[in-house]
Amino acid sequence: MEFNFVKAGTPDFDSQTYVCMLLAIAKADKENGPPEYAFIRRQAHRLGVDYDHFYKNTDKNFLIKKQKVSRLTALVILKDAIALASLDGNFT
């Protein structure tokens, strides 16, 4: 299933914040496993973001409020957080 609708280099989209937020969301739920992290890895790869670097340096306490985030970035994070929550068939 294809969830991606933002391309790398899209104006007003912060791909690094996007990947950090998805990782923080995934790490906050101890039930998440390979499907969730594989989804984030694919998204990071599509955007040219170093997944391994951000995986190591992002924890579940990453705060988005410390950064200015465009509306586009926020909406894509929201959309993909919903997708991430439903990957295992248990919407959590």
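**A surface patch and a helix pair**

Let me begin at the surface, where Leu75, Leu78 and Ile82 form a nonpolar patch with about 270 Å² of accessible area together. Patches here are made of residues with over 30% relative accessible area and no salt bridge, with nonpolar side chains (Val, Leu, Ile, Met, Phe, Trp, Tyr) joined within 5 Å and like charges within 9 Å; a salt bridge would be a side-chain nitrogen of Lys or Arg within 4 Å of a carboxyl oxygen of Asp or Glu. Areas come from the Shrake-Rupley method with a 1.4 Å probe, and for residues only the protein chains shown count as cover.

This is a predicted model, in which local features need pLDDT of at least 70 and side-chain atom pairs count only at pLDDT 80 or more, while totals for chains, interfaces and linings use all residues. Residues are numbered from 1 along each chain as its sequence is written, and side-chain values use heavy atoms, leaving out hydrogens and water.

Isoleucine 82 lies in helix H4, residues 71-86, helices being DSSP runs of H or I with at least four residues, and strands runs of E with at least two, numbered from the N terminus. Its relative accessibility is 43%, so isoleucine 82 counts as partly exposed, between buried (under 20%) and exposed (over 50%).

The chain has 4 helices and 0 strands, and buried residues make up 37% of its 92 residues.

Turning to H1 (residues 15-28) and H2 (residues 34-47), their axes come within 10 Å and cross at roughly 175°, the axes being lines fitted to C-alpha atoms over the stretch in contact, with angles from 0 to 180 degrees between N-to-C directions. H1 and H2 are therefore roughly antiparallel, a word used for angles over 145 degrees, as against roughly parallel under 35, roughly perpendicular from 65 to 115, and oblique for the rest.

How values were computed
Buried < 20%, exposed > 50% of the residue type's maximum accessible area, 1.4 Å probe, protein only.
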